[in-house]
Amino acid sequence: MKAEYINPFIKSLVNTFDTMVGCQFTQEEIKLKEGSDPKYEISGVIGLSGNAEGTVVLNISREVALKAASTMLMTELTEIDEDVIDAIGELTNMIAGSAKGELEGYSLSVSLPSVITGRDHHVNFSSKVPPISVSFSSDWGPLVLEVGLTSVAEVAEV
């Protein structure tokens, strides 16, 4: 996976959280993702297709999910419920949509987001590309952005 693919998603995540919920995230570790087990119990998942294809996962800690949803909905949320799930789906959609704008040459389409919850859930990426995992921290807590994206031309060469 190329840096030109991941950088728009990193920028979009930082901007989306700052703009939508007023929380500043600091990028920490970047590495190849190993396995299908997410680090945290909530994952917003969205697919991308076009001249590139892949998956974006916003893997978010319970604390960050509750604070972000509470801020978006202007009410105190204390449990992972439909409102929190909807808010995480919307944040995932905003991050992917904004990054898509910076990847214009790939004519990307963004799927509807799905949100998976629970300690033992798995998110599998295509075997065509190893995903990149980017850890972030904030005053609210941590999250991880995972992106596995490759151009269709690169897939055809394999």
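The exercises below work through parts of a predicted model.

Residue numbers start from 1 along each chain as its sequence is written, and side-chain values rest on heavy atoms, with hydrogens and water left out. Local features need pLDDT of at least 70 and side-chain atom pairs count only at pLDDT 80 or more, while totals for chains, interfaces and linings use all residues.

**Exercise 1. State which residues touch the most other members of the largest nonpolar core, and which elements supply the core.**

Step 1. Buried means under 20% relative accessible area, exposed over 50%, and partly exposed in between, with a 1.4 Å probe and protein chains only. A nonpolar core is a set of buried Ala, Val, Leu, Ile, Met, Phe, Trp, Tyr and Cys residues joined through side-chain atoms within 4.5 Å.

Step 2. Read off the members. The largest nonpolar core has 40 residues, of which Phe9, Leu13, Phe17, Leu143 and Leu145 touch the most other members.

Step 3. Locate the elements. Helices (H or I, at least four residues) and strands (E, at least two) are DSSP runs numbered from the N terminus. At least two core residues come from each of helix H1 (3-21), strand E2 (42-49), strand E3 (52-60), helix H2 (62-73), helix H3 (82-102), strand E6 (132-137) and strand E7 (143-151).

Step 4. Look at one member. Contact means heavy atoms within 4.5 Å. Beyond its neighbours within four places in sequence, Leu143 is in contact with residues including Leu13, Phe17, Phe25, Tyr40 and Val134.

**Exercise 2. Describe the aromatic pairs.**

Step 1. A pair of aromatic rings is described by the distance of the centres and the angle of the planes. Rings of Phe, Tyr and Trp (its six-membered ring) pair if their centres lie within 6.5 Å; planes under 30 degrees apart are stacked, over 60 edge-to-face, and the rest tilted.

Step 2. The count is two aromatic pairs. In one of them, Tyr5 and Tyr106 are edge-to-face, at 5.4 Å centre to centre with 75° between the planes.

Step 3. Tyr5 lies in helix H1 and Tyr106 in the loop between H3 and strand E4 (109-110), so this pair ties together parts 101 residues apart in sequence. Tyr5 is buried at 1% relative accessibility, and Tyr106 is buried at 19%.

Step 4. The ring centres of Phe17 and Phe25 are 4.9 Å apart and the planes are at 70°, so this pair is edge-to-face. Phe17 is buried at 0%, as is Phe25 at 6%.

**Exercise 3. Characterise helix H2 and what follows it.**

Step 1. The expected span of a helix is 1.5 Å times one less than its number of residues. H2 has twelve residues and reaches 16 Å from first C-alpha to last, close to the expected 16 Å.

Step 2. The buried residues of H2 are Val64, Ala65, Leu66, Ala68, Ala69 and Ser70. Ser70 has a relative accessible area of 11%, and its contacts beyond four places in sequence are Thr75, Glu76 and Leu77.

Step 3. Just after H2, Met74 takes a positive phi of about 55°.

**Exercise 4. Is His122 buried, partly exposed or exposed, and which side chain joins it in a polar contact?**

Step 1. His122 is in the loop between strand E5 (114-117) and E6. Its relative accessibility is 46%, so His122 is partly exposed.

Step 2. Leaving out residues up to four places away in sequence, His122 touches Ser36, Asp37, Pro38 and Ile116.

Step 3. A polar contact is a pair of N or O atoms within 3.5 Å; within protein, one must be able to donate a hydrogen and the other to accept it, and residues adjacent in sequence count only if both atoms are side-chain atoms. The side chains of His122 and Asp37 are joined by a polar contact of 2.5 Å.
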